[in-house]
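Hi everyone, thanks for making time this morning. I'd like to walk you through one chain and a few of its details.

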Amino acid sequence: MMNSTESAKRPSGKRPKKRKFTGNMHTRCKAVHSVDESLNNSASGKKIRLQDVDTSFIEHDDGFDGYRVFDKTIIFTNIQNFASCKKCGGDIKLTEKCVRGLSSVFSIECKNCKDLCSFRNSKMLGKRKNIPEINRRFVYAMRTIGQGHAAMTTFCGVMDFLLQFLKNPIITL
């Protein structure tokens, strides 16, 4: 007589067919969201929502908006060689005064009349306008791809960016 384990065994070479994949919690999502949708839905995205920007100073609007990466030495040298003071026509000097993460404050000073003008390379966000948008976007981008402070440090090192991110402010953004 056969016991219960022997009767339940399959004959050699008679495996059951492989089950067809019907999806899981990740493949059953409604649709892939665009970047604009994800910016509007997340807390960080709401903080960096684009505001109206005055582009009247751009003579030929050829799509030159958003962020670009420039070599500071090349830009400063070319601007100093071709630009002059509006008041006296003298030579100008460009300097970087303050660096916070990827954000900087630059100043333009006339060598003759000592007229001084300062500007930032990024808009400021927040109620007190004290958070550089470029830093918030960088943190949001790294979080979006699942990376943190160590990856930011590595990325900035590879790109030869001067990195002055502190770990605590990044976590609290």
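This is a predicted model: local features need pLDDT of at least 70, side-chain atom pairs count only at pLDDT 80 or more; totals for chains, interfaces and linings use all residues.

The chain has seven helices and five strands. If you follow the sequence, the order is α-α-α-α-β-β-β-β-β-α-α-α. Of the 173 residues in the chain, 21% are buried. As for contacts, take those with a sequence separation of 6 or more: 40% of them link residues 24 or more positions apart.

Now to the helix pair. In general, two packed helices are described by the angle between their axes and the distance between the axes. So what do we get for H5 and H6? Helix H5 covers residues 133-144 and helix H6 covers residues 149-158, and their axes come within 10 Å and cross at roughly 115°. That makes H5 roughly perpendicular to H6, because angles of 65 to 115 degrees fall in that class. The crossing of H5 past H6 is right-handed.

Which residues meet there? From H5 we have Phe-138, Val-139 and Met-142, and across from them in H6 are Ala-151, Met-152, Phe-155 and Cys-156. By type, the residues of this contact are seven nonpolar, no polar and no charged.

Cys-156 brings me to the cysteines. Is Cys-156 buried or exposed? Cys-156 has a relative accessible area of 0%, so it counts as buried. Cys-117, on the other hand, is partly exposed, at 41% relative accessibility. A disulfide, as you know, is a covalent bond between the sulfur atoms of two cysteines. How many does a search of the whole structure find? The search comes back with zero disulfides.

Last, the backbone angles, for those of you who like to check phi values. Lys-129 is not a glycine, yet its phi is positive, at about 50°. Where is Lys-129? Lys-129 sits in the loop between strand S4, residues 124-125, and strand S5, residues 131-132. With a relative accessible area of 45%, Lys-129 is partly exposed.

Asp-160 also has a positive phi without being a glycine, here about 60°. Asp-160 belongs to the loop between H6 and helix H7, which spans 167-172. Its relative accessible area is 69%, so Asp-160 counts as exposed.

To recap the helix pair: H5 and H6 cross at roughly 115°, with a contact made of seven nonpolar residues.

Key. Residues are numbered from 1 along each chain as its sequence is written. Side-chain values use heavy atoms; hydrogens and water are left out. Axes are lines fitted to C-alpha atoms, for helices over the stretch in contact, and angles run from 0 to 180 degrees between N-to-C directions. Helices (H or I, at least four residues) and strands (E, at least two) are DSSP runs, numbered from the N terminus. Angles under 35 degrees count as roughly parallel, over 145 as roughly antiparallel, 65 to 115 as roughly perpendicular and the rest as oblique. A crossing is left-handed if the near helix is turned anticlockwise from the far one by less than a right angle, and right-handed if clockwise. Contact means heavy atoms within 4.5 Å. Ala, Val, Leu, Ile, Met, Phe, Trp, Tyr, Cys and Pro count as nonpolar, Asp, Glu, Lys and Arg as charged, and the others, Gly among them, as polar. A disulfide is a pair of cysteine sulfur atoms within 2.5 Å. Buried means under 20% relative accessible area, exposed over 50%, partly exposed in between (1.4 Å probe, protein chains only).
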